[in-house]
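Welcome! Please open the structure in your viewer and let us walk through it together, one selection at a time.

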Amino acid sequence: MPETAQNDILQTDRDLIRACCSGDPRAWERLLDKYERLVFSISLNYGLTTDDAADVTQITFTILLQNLNTLPDEIRLSSWLATVARRHTWRLLARNRREAVNPDEDLAGNEALGGIVDDRERQELAEWLYQGLSLLDEHCRQLLLALYFDAEQPSYADVADHMKMPIGSIGPTRARCLEQMRQSLHTAESL
Amino acid sequence: MNESNAPRFSELLDWLEGRLPPDKARDVAERLQTADAATQTDLDWLRLFQQARQSVQFASPPPSVRETLIQRFAEARQPPGPFQRWLATLTFDSRAQPVTAGLRSAVEEDQRRQLIYITKAAEIALTIQSILPEKNFIVTGQIFPRRDTPTHTFSIQLLRDAEEVALSATDELGEFTFSDLPAGEYDIVVSTEQYEVVIPSLHLQL
């Protein structure tokens with residue numbers, strides 16, 4: 001089967017999980033492509049260091065690996081992963097607080113957080129964003145990540161070059177992708 | 001206001017992001033004054049997205065995380081069977097190594113022997129030590145699993161003439177010990193729930 005056709009088949013989480021269960025390493029890599037950033041960022045936004053967030057990411061996907069064969073077909077994988085990641089993040093935060101001589105200093109290492117770890121609204125916003133991005137197709141997700149969440153803030157020209165798209169189509173495509181995200185979130189929330 | 005005159009989603013986005021020339025931006029702002037509820041909802045949603053992208057960190061984990069997870073997938077999905085069994089291959093025997101003059105004493109030569117075995121599942125290091133004058137032996141070992149198997153989950157069976165003579169288990173470091181063993185030929189069977197490794201014909205002799 002041509003690779004592009006195979007890639008098209010592996011679009012949904014259910015397809016990805018089934019392919020992983022049958023031992024397809026490409027499916028596992030696509031699953032990581034789709035969710036590793038989401039899982040890692042959950043921990044980061046709770047104030048974990050990069051090393052701790054990496055540990056949580058590793059633990060979360062290892063638990064997924066151990067449970068691949070028993071996940072229900074109708075599972076919403078982004079929510080499942082977020083729950084596992086959150087639980088392990090809380091554990092690490094609690095451990096860090098216990099171990100730190102001064103908990104405030106310990107968590108202040110993450111400058112981008114500004115020391116905020118209890119901002120409930122911010123967490124809800126983050127998870128809303130993660131869920132929305134996870135509902136998009138791969139092309140849209142990569143485009144929005146590049147345009148809005150890349151720390152290097154690439155220009156449209158850079159993004160067009162990277163994604164092999166005409167530069168003129170970047171603006172309209174990003175609008176379509178955002179509209180798709182809004183509609184997908186609306187549908188998911190009404191289920 | 002006519003609904004068709006309401007700013008479209010893409011126009012709202014360009015307007016919010018400041019991508020429109022001044023005259024078009026003014027036009028969108030004016031049309032928004034009388035926009036319908038659906039357009040206002042779109043605008044609210046886009047503002048929420050903007051707020052999220054500004055306050056939420058979004059980053060990729062270090063490459064080592066992915067490498068480890070890909071490795072774990074490969075190990076976890078190794079085919080099959082319900083249970084695998086390997087015969088260990090001896091790759092190092094301290095007695096078989098050439099002796100450099102003055103570096104290994106006669107006592108060490110006689111009383112301590114190191115062996116290293118490998119299989120697809122684990123590497124196993126054994127040290128055989130003779131105890132004088134009883135002429136008995138102590139066998140200590142350490143298991144280094146290649147798969148993601150916790151080191152404390154191995155059971156170690158010592159067999160002589162196919163009969164179990166001792167049973168042990170690994171600790172957190174994967175180490176185990178058999179003491180007071182008389183000279184003779186033994187087999188060692190290292191097992192977990194997933195596999196079993198057999199070390200055949202271990203000769204304990206002075």
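Start by colouring the two chains: 31 residues of chain A are in contact with 26 residues of chain B (contact means that C-beta atoms, placed from the backbone, lie within 7 Å). This is a predicted model, in which local features need pLDDT of at least 70 and side-chain atom pairs count only at pLDDT 80 or more, while totals for chains, interfaces and linings use all residues. Residues are numbered from 1 along each chain as its sequence is written, with chains lettered from A and ligands numbered from 1 in the order in which they are written.

Next, select H3 (25-45), H4 (50-67), H7 (120-134) and H10 (167-190) of chain A, the helices that each give two or more residues to the side touching chain B. Helices (H or I, at least four residues) and strands (E, at least two) are DSSP runs, numbered from the N terminus. H3(A) gives the most to that side, with ten residues.

Stay in chain A and pick helix H8 (residues 138-148), whose buried residues include A:Cys140, A:Arg141 and A:Tyr148 (buried: 20 or more other C-beta atoms within 10 Å of the residue's own, with C-beta atoms placed from the backbone). Among the elements covering them are H9 (156-163) of chain A and helix H3 (37-55) of chain B.

Now move to chain B and its open sheet of five strands, ordered E1-E10-E9-E6-E7 with mixed pairing (strands pair if DSSP finds at least two bridges between them). E1 (84-87) and E7 (163-169) of chain B are at the edges with a single partner strand each, so one side of each has no neighbour in the sheet.

Finally, zoom in on E9 (residues 184-191) and E10 (residues 195-204) of chain B, which run antiparallel and are joined by seven bridges. Click B:Tyr186 to find its bridge partner in E10(B), B:Leu202.

Terms used. A residue is buried if 20 or more other C-beta atoms lie within 10 Å of its own, exposed if 12 or fewer, and partly exposed in between; C-beta atoms are placed from the backbone.
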